[in-house]
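Subject: Structure handover

Hi,

Here is the structure I promised you. Please open it first, then read my notes below.

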Amino acid sequence: MPSFGLRHRRAWASLFSQLLRPSGLVCIREVHFHSQGTRDLSPQQMVIREKILDMVVGCFKRHGAKRLDTPAFELKEMLTEKYGEDSGLIYDLKDQGGELLSLRYDLTVPFARYLAMNKVKRMKRYHVGKVWRRESPTIVQGRYREFCQCDFDIAGQFDPMIPDAECLKIMCEILSGLQLGDFLIKVNDRRILDGMLAVCGVPESKFHAICSSIDKLDKISWNDVRHEMVARKGLAPEVADRIGDYVQCHGGVSLIEEMLQDSRLSQNKQALEGLGDLKLLFEYLTLFGIAEKISFDLSLARGLDYYTGVIYEAVLLQTPAQAEESLNVGSVAAGGRYDGLVGMFDPKGHKVPCVGLSIGVERIFAILEQRIKTSGQKIRTTETQVFVATPQKNFLHERLKLISELWDAGIKAELLYKNNPKLLTQLHYCEHMGIPLVVIIGEQELKEGVIKLRSVASREEVAIKRENLVAEIQKRLSES
């Protein structure tokens, strides 16, 4: 079908339904013009999204990050074997002249490829861009096949846990700034996880598969996870029970101390290193004033294969009343340390340690959008500050000269695209669009060398000398 505008598409849909109904064929109820799991965003939705992105990017910049962008697609070989079981969700593109390409699955792997290709050893970067995943979309939870990610990463060799602590601080600043309600950031370490699996008796060949099951504990019960481990992944029941003793633990520094004394876990070198680093991390988190927002949670597994150290995930905490009326979106931010990923792209295997975080824009958007709908809040879709109006006919030339002066002065201004609009129509437009000021020019004003300046809210009007108009408007806008 040709690429028609929305009005034409609706007309075609209506025509099809009328044509098909009499013949007894299936009636077209709804026509989808884009892929399942993608969407159009209305001007109202874009206002909400831009506010979220402004807050997130503002925080990234405050922490000294540079912006980076990478292509929407990568060589397929660059993405394969980086995501474990999730590799099946990568979108492959049709071969176009010999290169096998795939749409990027996240922003982390392209960043690691960029560091290796450009031999960059140290960088603090942020990236806002779309990624694509072939998963079953659950629109009400803000899960899509095409979605936006906001990433912040610190690459380079630094003293332990300082960059990691800053990433958690950034997460806290963003989630607090967006006023989403109370939240908790779960923290674990892949070395502790691997050490725990080893001392519980899990064969190393099954580490990834069992981690993938543990990662479902925020969605399903321990009994269901245990059943999956034993029945589907062939784990001995007693081994699963030992894992259960650990993964149901969560707490703060006292739990880290307890695990350091644990007879089984303390025998594993990897686990001891991870616990030592987590203890240091909590020391820094306390200095940042955010330790009470962080929970050491042994059930946190983060399914992606590239994590090597600290991992974290932020979830919103809800009261029972809030839970009934709000969305269950899962985690709203996540990240961790991936010290081996850059080396996978470097011909000589040179490693660049990295740690980072990703903000779940779509899920946060779903929450804020629902909140605005519930409150009935009206959203302004333009930033127009001044409207240029006239009460008389044949004043288009004067309006055009006047609006040009305003635009040249950097003032956001509009007028109606009609030769002779009615004044009431112009004023109603301002009220409907939430435009705060109107400048009115007519025969009398032109003769006296003044312009009427009207406040839309109070309906008060004052005459301003034309040469003083821009300064007066700027003064009023700065005061509002």
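The model is predicted.

Cysteines

The disulfide count comes to zero. A pair would need its sulfur atoms within 2.5 Å.

Second largest pocket

The second largest pocket holds about 520 Å³ of space. It is lined by 21 residues, and those closest to its centre are Val47, Ile48, Glu50, Lys51 and Ile379. Which helix gives the most to this lining? It is α2, with nine residues. Both α2 (43-62) and α14 (361-375) supply at least two residues of the lining. By class, the lining has ten nonpolar, six charged and five polar residues.

Asn268

Asn268 sits in the loop between α10 (253-261) and α11 (269-287). Is Asn268 buried or exposed? Its relative accessibility is 13%, so Asn268 counts as buried, the cut-off being under 20%. The side chain of Asn268 reaches the backbone nitrogen of Gln270, at 3.1 Å. Setting aside neighbours within four places in sequence, Asn268 is in contact with Gly195, Ala198 and Val199.

Best wishes

How values were computed:
Residues numbered from 1 in each chain as written. Predicted model: local features only at pLDDT ≥ 70, side-chain atom pairs only at ≥ 80, totals over all residues. Heavy atoms only, no water. 1 Å grid on protein atoms, 1.4 Å probe; cavity = no way out; pocket = protein on both sides within 12 Å on 5 of 7 lines; lining within 4 Å. Points joined across faces, edges and corners; volume = space filled by probe spheres on them. Helix = DSSP H or I, 4+ residues; strand = E, 2+ residues; numbered from the N terminus. Nonpolar A, V, L, I, M, F, W, Y, C, P; charged D, E, K, R; others polar. Buried < 20%, exposed > 50% of the residue type's maximum accessible area, 1.4 Å probe, protein only. Polar contact = N/O pair within 3.5 Å; in protein donor to acceptor, adjacent residues only side chain to side chain. Contact = heavy atoms within 4.5 Å.
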